[in-house]
Amino acid sequence: MIRAEEVQSNLEPEFPSFAKSLVRSHVGSCFWMGLPGMFCKIHLPRKDTTIILEDESEQQFHIKYYAGKTGLSAGWRQFCTAHNLLEGDVLVFQLVVPTKFKVYIIRANDLTELDGALGLLNLDAHTKQSDADDAEIGTTASISTKRKRPKSLPLAVVQKKNKRSGLQRLACNVGQPAEQSENDSEEVGSEVLEGFKLAVPTIQFNDITSFENFNILVDGSVRDSELSEDIRNEYYKLCCSQHSFLHDNIIPGINLKLVVGIISETVNIANAIRACKLTTSRDEFDSWDKTLKAFELLGMNVGFLRARLHRLVNLAFESEDAADTRRYIEAKMERAQTEDEIRNLEAKLAELKDACKRLGVEIESVQSKAETYEHRFEEEVKAPW
């Protein structure tokens, strides 16, 4: 998500945008892309319509947008297939006109987000150190050359980025001199991603009165900027349901970036559970439970989500009425498909009837002349030599 936010920060601010991390339901099974509710309420039409998604090569895809459910469905599968999207990829959506998004793709198998952020920070840190102390120029350059360079941003974003001040802007956002050594890179990364650390006592969840004063603190470091407002809002609701920060008991010393990923994926799974149907596959449920179990072993409070999953699995697959209910749903879907085929055949039959009628009129209009001409031809054939 850090690279996605970096992409967002270099887009034109007059066009609203948001980032979306892809989960299994986005790129498999139901192929449903839910969009942030507040974003849709503010910027998108309030009735069902067709949305255009334009990729970085300017290829356009027409996708059906359902306003009531704030999501994309028909045509979304084609977009996923065309771009080989996988679970873990991140998309940045930029609304350039009322019903058209420019979409930037950040691949999960590219250089890790933390490495990219640290790479930018280290380059900036070495630049500042060079200006501050000429004697350290050689050492700084030596360290810089040994580091892996961060993965390039999408070309369209790089072109926009070149119009800005680049690393100097990043340094201004941080608001602190980069004085940490290479061995402190993780701590430096923590501060550049958020911009500050809070030196305050541990905050109790009971002290939180609204989303406005809800901050996600990990080891005293605020991680809000690494999550979209939509994700943070959903996480706030989950915490409210349990009257505690779900990450309170995460194993101490765990990588801060991993904690942010766990929070984001917990929200995604909770949303997927809310959106699941009786037609959702058993493999889907098992995948969610396996992920949540791993989070639970790391100290994340997700037991209530696992309990809900187990109840849903029991209702969907293991209860006495489950098989009949699933067959009922499947039969309804098959009947709907059959009715569609019937309508298609009826439409085709109507076309054939119209064609037959036109041919009948044509036959009647030339029948008399054709019969007379045919009679004359036969007379000529039978005439004496």
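Start by selecting Arg 223. This residue is buried, with a relative accessible area of 1%. The model is predicted, so treat each stop as a computed feature of that model. Arg 223 and Glu 226 form a salt bridge, and their closest N and O atoms are 2.6 Å apart. Glu 226 is buried too, at a relative accessible area of 0%.

**Arg 232**

What is the nearest side chain of opposite charge to Arg 232? The answer is Asp 224, 4.0 Å away. Arg 232 is buried yet has no salt bridge. Show the residues around Arg 232. Leaving out residues up to four places away in sequence, Arg 232 touches Phe 211, Phe 214, Ile 216, Asp 224 and Leu 227.

**Pro 36**

Select Pro 36 next. Look in the loop between strand S2 (33–34) and helix H3 (37–43). Is Pro 36 buried or exposed? Pro 36 is buried, because its relative accessible area is 8% and the cut-off for buried is under 20%. With residues up to four places away in sequence not counted, Pro 36 touches Phe 18 and Asp 230. Then draw a distance to Lys 20. The C-alpha atoms of Pro 36 and Lys 20 are separated by 8.8 Å, and the two residues are 16 apart along the chain.

**Two loops with positive phi**

Most residues other than glycine have a negative phi. The next two stops have positive values. Select Glu 58, in the loop between strand S3 (49–54) and strand S4 (60–66). The phi of Glu 58 is near 70 degrees, and Glu 58 is not a glycine. Glu 58 counts as exposed, at 58% relative accessibility.

Now go to Asn 84. This residue lies in the loop between helix H4 (76–82) and strand S6 (90–97). Asn 84 has a phi of about 50 degrees, again positive in a residue that is not a glycine. At 54% relative accessibility, Asn 84 is exposed.

**Salt bridges across strands and along a helix**

Side chains of opposite charge can pair when their charged atoms come close. The whole structure holds 11 salt bridges. Select Lys 100 and Glu 54 for one of them. Their side chains meet at 3.1 Å, N to O. Lys 100 lies in strand S7 (residues 100–106) and Glu 54 in strand S3, so the pair ties together parts that are 46 residues apart in sequence. Both Lys 100 and Glu 54 are buried.

Jump to helix H14 and pick Glu 339 and Arg 335. Both residues lie in this helix, 4 residues apart, about one turn. Glu 339 and Arg 335 form a salt bridge, with the closest N and O atoms 4.0 Å apart. Glu 339 is partly exposed, at a relative accessible area of 35%. Arg 335 counts as exposed, at 53% relative accessibility. Salt bridges with shared partners join Glu 54, Lys 100 and Lys 102 into one network.

Go back to helix H14, residues 322–382, and select Glu 380. Glu 380 is exposed, with a relative accessible area of 62%.

**The whole view**

Zoom out. The protein has 14 helices and 9 strands. Buried residues make up 38% of its 385 residues.

Note on methods: Residues numbered from 1 in each chain as written. Predicted model: local features only at pLDDT ≥ 70, side-chain atom pairs only at ≥ 80, totals over all residues. Heavy atoms only, no water. Buried < 20%, exposed > 50% of the residue type's maximum accessible area, 1.4 Å probe, protein only. Lys, Arg positive; Asp, Glu negative; His and termini not counted. Contact = heavy atoms within 4.5 Å.
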